[in-house]
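Please open the model in your viewer and keep the selection panel at hand, since this tour goes through its pockets one stop at a time.

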Amino acid sequence: MQQIGLEAEVIPSQADETIESREPARVVECLSRKKAREVASRCEGGVVIGADTVVAADGKILGKPADEKEAEEMLSMLQGKVHQVYTGVTIVCCGIPEGERTFVEETDVEVYPMSREEIRRYIESGDPMDKAGAYGIQGQFAAYIKGIRGDYNNVVGLPAGRLYQELKALGCL
């Protein structure tokens with residue numbers, strides 16, 4: 001948010017994150033909306049932004065790995081292939097009629113082939129354990145990124161440029 005000149009206060013959502021869809025774009029759309037609306041219900045004004053990001057490969061949503069074995073399985077699935085990162089963002093401009101908008105940003109990420117030893121070494125760094133898809137593009141895993149098609153910031157977790165443009169279009173800036 002600071003990167004695009006916006007100050008933010010983080011207010012964790014207490015929304016129920018149960019979803020019925022298994023389609024990545026619909027999942028992040030639904031979760032971002034639930035999060036933003038729940039926080040907005042507790043706010044008297046301002047702008048609330050709810051976001052959710054998932055990594056998807058071969059039609060399967062990859063969350064945060066539960067353990068090193070699951071991290072190895074995820075990274076083995078991603079290496080040498082293209083996968084997608086989806087972020088759903090919902091903006092609620094409190095006090096503005098028609099002041100809500102939700103969008104989904106999708107970015108393709110191509111990962112270089114990785115040996116088992118490279119995967120193990122990356123897991124031993126501890127970096128993949130708290131990240132969806134078991135990697136963070138902005139960290140050590142950058143060594144294995146062959147390319148992206150779309151918004152780099154989306155892969156980091158928030159499509160900042162698109163967010164700014166949507167806020168501007170809603171009249172929230």
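Begin with the largest pocket, whose volume is about 790 Å³ (a pocket being, on a 1 Å grid over the protein atoms alone, an open set of points where a 1.4 Å probe fits, with protein on both sides within 12 Å along at least five of seven lines; a volume being the space filled by probe spheres set on points joined across faces, edges and corners). The model is predicted, local features need pLDDT of at least 70 and side-chain atom pairs pLDDT 80 or more, while totals for chains, interfaces and linings use all residues. Residues are numbered from 1 along each chain as its sequence is written, and side-chain values use heavy atoms, without hydrogens or water.

Select A8, E9, V10, I49 and G50, which lie nearest the centre of this pocket among its 26 lining residues (those with an atom within 4 Å of a point). Next colour α1 (24-40) and β1 (47-57), the elements that give two or more residues to this lining (DSSP runs, helices being H or I of at least four residues and strands E of at least two, numbered from the N terminus); β1 provides the largest share, seven residues.

Now move to the second largest pocket, which holds about 400 Å³ of space, and select T53, D130, K131, A132 and V156, the closest to its centre of the 18 residues that line it. Here β1, β2 (60-62) and α4 (152-156) each supply at least two lining residues, and the largest share, three residues, again comes from β1.
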